[in-house]
Structure formats: C-alpha cells, structure tokens
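This report describes a single protein chain and the way some of its parts meet. Please look at the sequence and the model before reading on.

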Amino acid sequence: MRFSDKISFSLYAFEALEFAHDRGLALPFKTAVFEALWIEGLDIGQFSTLQAAADKVGLDRAELGRALAGQRYRRRVHDALQLARDAGVTKTPTFVLGRYRIAGWHYYEVFQTVMEKQGVPLRSALGDSAKER
C-alpha cells in the first residue's frame with residue numbers, strides 16, 4: 001500500500017464513478033480507482049489517472065475526459081454529497097453500525113467494541129466459521 005505525499009482531491013473520481021455507473025461498470029471502475037490510489041500511489045484528482053482506470057475496465061477514456069471537462073456529472077455529485085452531509089456523513093469512510101456512526105479509518109477493535117456495546121458478540125457477528133477456530 002502506498003501513501004501519497006498529498007491528499008488526493010476526489011471530486012473528479014466521484015464524477016467519473018457516475019459516468020461508469022451510467023454504463024453499468026461502477027464496481028469494476030471503483031476497484032480500478034481504489035488500486036490506482038492505494039496500490040499505485042496515483043493522484044485520483046488527475047484526469048489521466050481516471051482515464052487509465054477507465055481503460056482497465058473497458059470504458060471510453062476520451063468520452064470520460066469530455067464528461068469530466070464538461071462537468072457533466074457535477075450536479076449529481078454535489079447532490080449526493082449534500083445528501084451525505086444531511087445524513088451526518090462528514091468523512092470517508094463512514095460506517096453506520098446499528099446506533100453508532102464510525103467516521104474515518106479505525107482499527108478492527110473499534111468496530112468490535114461498537115458491536116459488543118450493541119449486544120452483538122464477536123462470534124455471532126462473524127458467523128459459524130469463527131466457532132470452528
């Protein structure tokens with residue numbers, strides 16, 4: 001896993017994801033962008049990075065470039081961001097576990113503690129396979 005020396009601006013990545021969604025390739029595109037950021041250490045705020053991810057999943061890179069340059073998906077992304085803010089989501093990732101919201105990156109033990117506070121024992125949260133260990 002690589003960490004960039006700068007924080008990536010992801011608004012363009014959200015717009016590109018909407019582009020991929022409209023073409024039925026949201027999940028593979030999201031995976032390609034995730035790998036570009038966290039494995040390759042690339043800046044997902046750059047059109048070229050997003051276009052390379054588009055290439056990997058069979059999207060038209062030129063069409064994506066035009067959509068991004070023309071801000072074709074900007075309104076949809078802003079609307080989605082507003083819905084997230086209205087729901088109290090201010091960081092990514094944000095997890096909602098029952099009555100609790102966990103904002104940002106945390107160790108597994110934080111999730112375990114939240115689940116246990118809600119009466120969900122570890123083994124039942126993990127299923128039967130945990131009992132066999």
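Arg75 is found in helix 5. In this predicted model, Arg75 counts as exposed because its relative accessibility is 56%, and the cut-off for exposed is over 50%. Along the chain, Arg75 and Glu15 are 60 residues apart, yet 9.2 Å separates their C-alpha atoms.

Is Glu15 buried or exposed? Glu15 has a relative accessible area of 0%, so this residue is buried. Glu15 belongs to helix 1. Leaving aside residues up to four places away in sequence, Glu15 touches Leu68, Gln71, Tyr73, Arg74 and Val77.

The chain as a whole can now be described. The protein has 133 residues, and buried residues make up 28% of them. It contains seven helices and two strands. In sequence order the elements follow the pattern α-α-α-α-α-β-β-α-α. Of the contacts with a separation of 6 or more, 46% are between residues 24 or more positions apart.

| Helix pair | Crossing angle | Axes |
|---|---|---|
| Helix 1 (residues 11-22) and helix 4 (residues 61-69) | roughly 125° | within 10 Å |
| Helix 2 (residues 26-38) and helix 3 | about 130° | 9 Å apart |

Helix 1 and helix 4 cross at roughly 125°, and therefore they are oblique to each other. Their crossing is right-handed. On the side of helix 1, the contact is made by Tyr12, Glu15, Ala16 and Phe19, and on the side of helix 4 by Glu63, Leu64, Ala67 and Leu68. Six of the residues in this contact are nonpolar, two are charged and none is polar.

Helix 2 and helix 3 pack at about 130°, which means that helix 2 is oblique to helix 3. Helix 2 passes helix 3 in a right-handed crossing. Which residues of helix 2 and helix 3 meet? Helix 2 brings Pro28, Phe29, Ala32, Val33 and Ala36, and helix 3 brings Thr49, Leu50, Ala53, Ala54 and Val57. Nine residues in the contact of helix 2 with helix 3 are nonpolar, one is polar and none is charged.

The last topic is the aromatic rings. A pair of such rings is described by how far apart the centres are and by the angle of the planes. The structure holds four aromatic pairs, among them the pair of Tyr12 and Phe47. The ring centres of Tyr12 and Phe47 are 4.9 Å apart and their planes are at 90°, so this pair is edge-to-face. Tyr12 lies in helix 1 and Phe47 in helix 3 (residues 47-57), and the pair links distant parts of the chain, 35 residues apart. Tyr12 has a relative accessible area of 23% and so is partly exposed. Phe47 is also partly exposed, with a relative accessible area of 27%.

Phe19 and Tyr73 form an aromatic pair as well, with 6.3 Å from centre to centre and 90° between the planes, and it is edge-to-face. This pair also links distant parts of the chain: Phe19 is in helix 1, Tyr73 is in the loop between helix 4 and helix 5 (74-86), and the two are 54 residues apart. Phe19 and Tyr73 are both buried. Tyr73 is also one of the residues that Glu15 touches, and Phe19 is one of the residues through which helix 1 contacts helix 4.

Definitions and conventions: Residues are numbered from 1 along each chain as its sequence is written. This is a predicted model: local features need pLDDT of at least 70, side-chain atom pairs count only at pLDDT 80 or more; totals for chains, interfaces and linings use all residues. Side-chain values use heavy atoms; hydrogens and water are left out. Axes are lines fitted to C-alpha atoms, for helices over the stretch in contact, and angles run from 0 to 180 degrees between N-to-C directions. Helices (H or I, at least four residues) and strands (E, at least two) are DSSP runs, numbered from the N terminus. Angles under 35 degrees count as roughly parallel, over 145 as roughly antiparallel, 65 to 115 as roughly perpendicular and the rest as oblique. A crossing is left-handed if the near helix is turned anticlockwise from the far one by less than a right angle, and right-handed if clockwise. Contact means heavy atoms within 4.5 Å. Ala, Val, Leu, Ile, Met, Phe, Trp, Tyr, Cys and Pro count as nonpolar, Asp, Glu, Lys and Arg as charged, and the others, Gly among them, as polar. Rings of Phe, Tyr and Trp (its six-membered ring) pair if their centres lie within 6.5 Å; planes under 30 degrees apart count as stacked, over 60 as edge-to-face and the rest as tilted. Buried means under 20% relative accessible area, exposed over 50%, partly exposed in between (1.4 Å probe, protein chains only).
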